Amino acid sequence: MKIAIAAPSNQQDNIEKIKEYINAAVQIPSEIIELWLIGDCQNIDEYEKLPLDKIYWIKIQPDNALVPHLAAEEILPALEQLYKTNQPDAIFFFGNISGSELAVRLSRRTEGSCITEASFLEQKEKCFYVTRGAYSFNLKAKFEMNQKPYILTLANGAYEPISTTGNPEIVIADFEVNRNVPWSIDREIQNKEEAEGLESAKIIVAVGRGVGSKSSMVHLEELAALLGGKLGGTRPTVLDSWLRMNQMLGSSGNVVKPKLCITLGTSGSGPFLIGIEKSECIIAVNNDPKALIFKESDVGIIDDCNEIAEELIKLLQQEKN
Amino acid sequence: MMKLLVCFKVTPDMDSITEKEWNRVKNETVDVSFAKKILGLYDESALEMALRLADEAKKQDMEVELTAIIVDSDSEDFILKNLFAVKYSKVININCTMDLRFHPDAVSEIISAYVRKNGTFDAILMGQQASVGDNRQTHLLTAEKLNLPCITQVSDMTLTDKCIRVTSQIDLGILSQTVIRPCVYAIGNALHPYLRVATLREKMASSKSKVDVLSLRDLDLVEEQLQRDKKSFVSLYRENKSRNCNYIEGSTPAEKAGILYETYIKEALKL
């Protein structure tokens, strides 16, 4: 198989992400792996060490630094052109917002099969299978892709980064892109909120609606701080404004892998578990013994989560003093 | 007149389904028909967002037509009728007996056919994802089929000088833009996520409103053509990834917290 990995050049942790995608391509297995690098790139020498056959550097001309965000409509013509020239069997996009948009829309334009957030890929007797989450991530669904190009995005952390290196040839693909989006005016970008540090935290206190109300957040923030950790929560706690958007854990928020994750009053819904399932140890506190979270935890306490939190705060303060 | 279309789905409440029931998955399906039916989480936000746009439009002396559309064969009538009570002008149910769980191509084809038959809508709103299928493709395919732009991960929409000002999440941060042409909006984590509650008086006033039921034939669609998919659904299964939960016993929260602290937390704090 010939596989193209389409990646934007302006994302943080780009190289590590591309290595995960290369690993997925290698395991299928594939004969040729090429990278379609989209946009301006300051550190091209880092890409030159990746174990790839070729890098097509899609330089967007004219580059307009005032509008750093490219709408899918602006990039798609360049990708269509590159597909026609290179004819890969499969194209992998990042599972972020722009990658998912490009994947689905390109599949329509190239008449290919498309799956987003794939967790496992396999090829058996010339058939190509893709597995992904379904029923709010409570189940897995397996599909056979029937029409090339197979266009995919991968679920966060589905494959480990590949550790080998290479020396790919770089081909400059200069595309004139119309940077005018005729349907939209007065575009303004507010940069990402400062990260809460959830992704690098060693200890995370993850709260659900079971903690009762927004007023509980004060002592739970204190608990997280005393543990030297960070506070995060389920989607409902964020939508109810108990926590900030960048504190959301789960499939539509942060996916974390701390040493210790203490969940308080979470039911254990599928989308939330996606966010914490890579934790080394999960401790669940919930007063409902039937809550799904216990099935996914290493340690469980069936009790009032606020009372347990209060007791932990007392113990941590004693230790501190 | 501003025409708004909201596409929505009614789904089982996944949080009410237990581990035991998930494990009953067999072959290609799992029976979740007993579970309480709710509006798709993001679709509910889309329905509320359109109502808020309509409220603003009325304040600016604009006429608004609000249509809600569902592609389903078996929807709870009270959920659909409630939409009249919160002031939707039309509620359309497109009857389709096909298994649409993993077929966003067919769903987007049906929505596009309805739009083509009913003139231009200024905005087509839908949730960015709905449980059961979790396909995350319908909005983008609808936009492609109707040759419209698509803004995803929308968190807020307001009306400024009779144009829609949209706030959406992008990979770099938050993008605000004014949209001056028809567009598909996929609603993500919205500022106002829940549908407003209708008063008893509003419910009584709308009790005689009727949901329009359309067939595929009404939209000049043929089921056999819709069934063609570029991927085939093979199987459904429950992944066994459970950890072995060790329960901490004790007579008071203080005792349990003490055991937790001594046995697990102290060790983690040393790292």
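In this predicted model, helices α4(B) and α5(B) lie oblique to each other: their packing angle is about 45 degrees, and angles between the roughly parallel and roughly perpendicular ranges count as oblique, so the pair falls in that class. Helix α4 spans residues 104-117 of chain B, and helix α5 spans residues 138-145 of chain B. Their axes are 8 Å apart. The crossing of α4(B) past α5(B) is right-handed. On the α4(B) side, the contact involves B:P104, B:D105, B:V107, B:S108, B:E109, B:I111, B:S112 and B:R116. These residues meet B:T138, B:L141, B:T142 and B:K145 of α5(B).

The largest nonpolar core holds 56 residues. Seven of them touch the most other members: A:W36, A:I58, A:L79, A:I91, A:F93, B:I110 and B:I124. Beyond residues up to four places away in sequence, B:I124 touches B:L5, B:C7, B:V115, B:L146, B:L148, B:C183, B:V184 and B:Y185. A second core is separate and has 52 residues. Among its members are A:A118, A:Y135, A:L139 and B:M14.

Within chain A, the C-alpha atoms of A:L315 and A:L226 are 10.0 Å apart, although 89 residues separate the two along the chain.

Some backbone features fall in loops. The bond from A:I28 to A:P29 is cis, with omega near 5 degrees. A:P29 lies between α1 (14-27) and β2 (32-38). The bond from A:K148 to A:P149 is also cis, with omega near 0 degrees. A:P149 belongs to the loop between β7 (139-145) and β8 (150-154) of chain A.

For A:Q87, which is not a glycine, phi is near 50 degrees. The residue occupies the loop between α3 (72-86) and β4 (90-93) of chain A. A:Q87 is partly exposed, with a relative accessible area of 46%. B:D220 is likewise not a glycine, and its phi is about 60 degrees. Its loop runs between β11 (212-215) and α7 (223-227) of chain B. The relative accessible area of B:D220 is 57%. Exposed means over 50%, so B:D220 counts as exposed.

Notes
Residues are numbered from 1 along each chain as its sequence is written. Chains are lettered from A and ligands numbered from 1 in the order in which they are written. This is a predicted model: local features need pLDDT of at least 70, side-chain atom pairs count only at pLDDT 80 or more; totals for chains, interfaces and linings use all residues. Side-chain values use heavy atoms; hydrogens and water are left out. Axes are lines fitted to C-alpha atoms, for helices over the stretch in contact, and angles run from 0 to 180 degrees between N-to-C directions. Helices (H or I, at least four residues) and strands (E, at least two) are DSSP runs, numbered from the N terminus. Angles under 35 degrees count as roughly parallel, over 145 as roughly antiparallel, 65 to 115 as roughly perpendicular and the rest as oblique. A crossing is left-handed if the near helix is turned anticlockwise from the far one by less than a right angle, and right-handed if clockwise. Contact means heavy atoms within 4.5 Å. A nonpolar core is a set of buried Ala, Val, Leu, Ile, Met, Phe, Trp, Tyr and Cys residues joined through side-chain atoms within 4.5 Å. Buried means under 20% relative accessible area, exposed over 50%, partly exposed in between (1.4 Å probe, protein chains only).
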